[in-house]
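This briefing is meant to be read with the sequence and the 3D structure side by side. Please look at the whole fold before turning to the single residue discussed at the end.

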Amino acid sequence: MLFSRRRFLIASAAGAAASTLPIPFTPGIAPARAQAPTVVTATDPAYATLTQRGYNRRFTARPQRIHLPTGTEEIRLAAEAAVRDGLRIAVRAGGHGFENFVDNDRTQAIIDLNRMSAVYWDETRRAFSVDAGTPLGTLYERLGAFGVTVPAGICKGVGAGGHIVGGGYGPLSRQLGLMVDHLYGVEVITVDKDGAAETVLATKDGPNADLLWAHSGGGGGNFGVVSRYLLRSPDSDGGDPARALPKSPGSMLNTRLILPLLDEESFVRFLGNYLAFFEQHSAPDDPFTALYAPLMVKPGIVDSEILVLLNADGPDAQALFDEFVAAITAGVGAPLLQLPLQRAGYAETVATAYYAAGMPGFRVKAKSAYLRKAYSTEQLRILYRYFADIRFLGESQLEFLPFGGAVNAVAADATAVPARDSFMKMLIHAAWRLPGDDERFVGWAREGFRELYAETGGVPVPDAANGGSYINYPDPDSADPRWNTSGVPWHELYYGANYDRLCAIKARWDPNTVFQHDLSIGR
């Protein structure tokens, strides 16, 4: 493939709003931007659609205006205008935040990035430039044209904006690390003490290294508005786009393992096997880093499933799969139902693996934790008791997401992500549809999580067994003494020893605390 010396554009700016039309992709030519109003107010027909774009339907904002920028300079002007007019700003990329950091009654101006989804090779910076509004599905597709990929997630509609800045992980993370481990630079619109907005570029080998570090796991909505990310792996000099990021796997084995109805003893044995397996195989050089097999437990403990994604480029893929299945089913009374084992390229596998863009929103309450050690038998029984309750049948899930491997080969202070010694993420994803069920489902998630972590004050306080929580699965309850009785502040759960450094960076780049939410840095 031949590359122009100018910026080689490989993606169009197709937004999620109904009024946004895809822009044809022409190699080597920057696309014309979508023609749309710069600002939408409550009198515009598009206002209702744009205020309902968040995934968590428990929360809705009614801002005075919604800015729809199509480029960096428009973001800068939007931020400056909002500050000038005394309006509280929130920023939306994919709209998949679990909490009300954007959608709340305090938000007066939303900067919505859904019309910014260009991905191109930046010849000057020798890195892939990714607009913050780019959905992960689009990112995979455009990088795939160069034969490269990134260890991002499998929810294709999630926007790069919040995903990357929180750390970002996915099926290849056990082999390739986190998204921020491949972050070379970031372009951010910040606001100074006089209210002036400026565009700041921070790169690894250039100025403003502190701002880049903050965006390597410091969470969204803290320092400014990210307009684009620059992706390049640390072992690349950027001389060749086809070598700037990891090569896509040539093929993947994928299937789903369906669990029939399990009684308590079978559940405890099965989940104990599963956690023990990944705890044992969490080293960076373990052959099972090629395996990503998240477990989704559904209320009623019926028809739960494991999604198996296994890099099949190595010669032992089938043997690894067989060993995994044997290990997790050992001593479990009920057999697993296995869907046909398929082999496909990575792009095709991710395309069919999980949620797509435009997936329906629910009313949601999320709780998360990193595991350094497998749960005790008593904790497994607590999980069974809560998730065997048929009153909560529906869209809720208890999720276990394998971690470790290459993630843990990076020093805890190399990025703002502190949990570099865990082998698993746990997520309680309570989800329902009717507003009248809010109190019941939120209470169920809260009480179950508090009981699970009763020995550490209702939250996963970092210790030998627990690694805290993931900032992209935020939970304001961690800052509420009714639910966090540990005496450990919320920020230690999410940022550990990196928090003081993040606060200093926040004070420098956002001196007037323009960017804030319920778990914002410096709060």
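The model is a predicted one, and its C-alpha atoms fill a box of roughly 60 × 55 × 45 Å along the principal axes.

**Fold and contacts**
- The chain forms 13 helices and 19 strands.

**Burial and surface**
- Of the 523 residues, 59% count as buried, a class that takes in residues with under 20% relative accessible area.
- The accessible surface comes to about 19,800 Å², and carbon and sulfur atoms account for 53% of that area.

**Charge**
- The protein carries 49 positive and 56 negative side chains, and the centres of these two sets lie 5 Å apart.

**A closer look at Gly487**
- Gly487 sits in the loop that runs between α11 (438-452) and α12 (490-495).
- Is Gly487 buried or exposed? Its relative accessible area is 71%, and therefore Gly487 is exposed, since that class begins over 50%.
- Although Gly487 and Gly457 are 30 residues apart in sequence, their C-alpha atoms are 7.8 Å apart in space.

How values were computed
Residues are numbered from 1 along each chain as its sequence is written. This is a predicted model: local features need pLDDT of at least 70, side-chain atom pairs count only at pLDDT 80 or more; totals for chains, interfaces and linings use all residues. Side-chain values use heavy atoms; hydrogens and water are left out. Helices (H or I, at least four residues) and strands (E, at least two) are DSSP runs, numbered from the N terminus. Buried means under 20% relative accessible area, exposed over 50%, partly exposed in between (1.4 Å probe, protein chains only). Accessible areas come from the Shrake-Rupley method with a 1.4 Å probe; for residues, only the protein chains shown count as cover. Lys and Arg count as positive and Asp and Glu as negative; His and the chain ends are not counted. The place of a charge is taken as NZ of Lys, CZ of Arg, CG of Asp or CD of Glu.
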